[in-house]
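Hi,

Here is the structure I promised to send over. Have a look at it first, and then read on for what turned up.

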Amino acid sequence: MIGRLNHVAIAVRDIAKASEVYRKTLGAEVSAAVPQPTHGVTTVFINLPNTKIELLEPLGEASPILKFLEKNTDGGIHHVCYEVDDILAARDRLKAQGARVLGDGEPKTGAHGKPVLFLHPKDFCGTLVELEQA
Ligand code: CO
């Protein structure tokens, strides 16, 4: 059911510093930082030949990644995003197998402008999983 790895998201405290690590030390192509107030994060995208890395820095008091950074003070891998052809069919199949879909279970528009859903880490080997309509 799942297709390509769309991105790996890494939560960071300082996105400027993290961008420099990827640009300078790792020699990657790094986008400008984009504040995404509706998602409570500032994002930087790093394009690799076969996938993307998404750096996330908290934006605002209600940022969904604040708790994660309290537990992971150096930052860390926050979620992985897999592409699916049909997000509603994928959701229904997962729910039928007992997997928990976060929020109200309805796809939301993600940081790339496509419908996304998040799945409970406890059902997926301790990793928060994002599904994105391909
Ligand atoms: Co993501």
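**Strand β4 and its neighbours**

A hairpin of four residues links β4 to β5. Keep in mind that this is a predicted model. The two strands run antiparallel, with seven bridges between them.

Strand β3 (residues 34-36) runs antiparallel to β4 and is joined to it by three bridges; here Pro35 has Thr42 as its bridge partner in β4. The β3 and β4 hairpin has four residues between its strands, and Gly40 takes a positive phi near 70 degrees there. Then there is strand β2 (residues 29-30), also antiparallel to β4, with two bridges.

**The core**

Which residues have the most contacts inside the largest nonpolar core? They are Ile46, Ile53, Leu55 and Leu131, in a core of 22 residues. Among the elements giving two or more residues to this core are β4 (41-47), β5 (52-58), α1 (15-25) and β9 (128-133). Another core, of seven residues, lies apart from it and includes Ala9, Ala11, Phe68 and Leu69.

Leaving out residues up to four places away in sequence, Leu131 touches Ile2, Tyr82, Val84, Ile87, Ala90, Leu94, Pro115, Val116, Leu117 and Leu119.

Cheers

How values were computed: Residues are numbered from 1 along each chain as its sequence is written. This is a predicted model: local features need pLDDT of at least 70, side-chain atom pairs count only at pLDDT 80 or more; totals for chains, interfaces and linings use all residues. Side-chain values use heavy atoms; hydrogens and water are left out. A nonpolar core is a set of buried Ala, Val, Leu, Ile, Met, Phe, Trp, Tyr and Cys residues joined through side-chain atoms within 4.5 Å. Buried means under 20% relative accessible area, exposed over 50%, partly exposed in between (1.4 Å probe, protein chains only). Contact means heavy atoms within 4.5 Å. Two strands pair if DSSP finds at least two bridges between them.
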